[in-house]
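Hi everyone, thanks for coming. Please take a look at the model on the screen, and then I'll walk you through a few parts of it.

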Amino acid sequence: MDKFYLLFLQQSEHRIFSSRIIYVCYDAIMGNINFRNLIFIGNIQLLLTFIILIYFIKKGLPRYWFIASFVAGVCLFDLNNWENADFAMASMQNYGVIFLFSASMFFYSLKGKGYLLAGILFQVICTYSSGNGIVASGILVAFNIFSKNR
């Protein structure tokens, strides 16, 4: 029970729940920690965020989705934030919060009880994943209030 409690423990001013889950699962599967692979996992989260962003762009701009997706990709994969791309903790935590936020919004936008539960799960994990996750969770609540379908 103490190990489970450690997942929620605050580190400085951050709660890194989602990162810790990935670290624990990676260690359980591989038997050790490889920081290079953690960097790749962190960057995959950014790629999944981009795919979700394309989904919303296609939904909002069906006629010009390709141009808008290209511009969004150039902005999202900007070389100015290279520090996040090659630093395991930064890529895992920063890209993770963005991914959890976008995944929550994606599941909230779909119809069905299973999607609602997935959205809630991602939102709860997002809330316990950094100070930015708390802000993102507030935005998700506003999204659901204003969309009026939940």
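Let's begin with a question: which residues does Ile52 touch, not counting residues up to four places away in sequence? They are Phe99, Ser102, Ala103 and Phe106, where contact means heavy atoms within 4.5 Å.

Before I go on, a word on the source: this is a predicted model, local features need pLDDT of at least 70, side-chain atom pairs count only at pLDDT 80 or more, and totals for chains, interfaces and linings use all residues. Residues are numbered from 1 along each chain as its sequence is written, and side-chain values use heavy atoms, with hydrogens and water left out.

Back to Ile52, which sits in helix α3. Helices here are DSSP runs of H or I with at least four residues, strands are runs of E with at least two, and both are numbered from the N terminus. Ile52 counts as buried because its relative accessibility is 12%; buried means under 20% relative accessible area, exposed over 50%, and partly exposed in between, using a 1.4 Å probe and protein chains only.

Now for the core. In soluble globular proteins, nonpolar side chains tend to be buried together. In this model, the largest nonpolar core has ten residues, including Ile52, Leu7, Phe17, Phe99 and Leu100. A nonpolar core is a set of buried Ala, Val, Leu, Ile, Met, Phe, Trp, Tyr and Cys residues joined through side-chain atoms within 4.5 Å. The elements giving two or more residues to this core are α6 (88-109) and α7 (113-127), and α6 gives the most, with four. Apart from it lies another core, of six residues, among them Tyr26, Leu38, Ile39 and Met92.

Next, how do the helices pack? Helix α3 (residues 35-60) and α6 meet at an angle of about 30°, and their axes are 8 Å apart. Axes are lines fitted to C-alpha atoms, for helices over the stretch in contact, and angles run from 0 to 180 degrees between N-to-C directions. That makes α3 roughly parallel to α6, since angles under 35 degrees count as roughly parallel, over 145 as roughly antiparallel, 65 to 115 as roughly perpendicular and the rest as oblique. The residues of this α3 and α6 contact divide into 17 nonpolar, eight polar and one charged. In that count, Ala, Val, Leu, Ile, Met, Phe, Trp, Tyr, Cys and Pro are nonpolar, Asp, Glu, Lys and Arg are charged, and the others, Gly among them, are polar.

Let's move on to α7, which packs with helix α8 (residues 131-147) at an angle of about 145°, with axes 7 Å apart. Their contact has five nonpolar, four polar and no charged residues. One of the α7 residues meeting α8 is Gln123. Is Gln123 buried or exposed? Gln123 is buried, because its relative accessible area is 10%. Leaving aside neighbours within four places in sequence, Gln123 is in contact with Ser104, Tyr108, Ser137, Leu140 and Val141.

Two last residues for contrast. Asn34 lies in the loop between α2 (17-30) and α3, and counts as partly exposed at 33% relative accessibility. Phe66 is in helix α4 (residues 65-76), and at 59% relative accessibility Phe66 counts as exposed.
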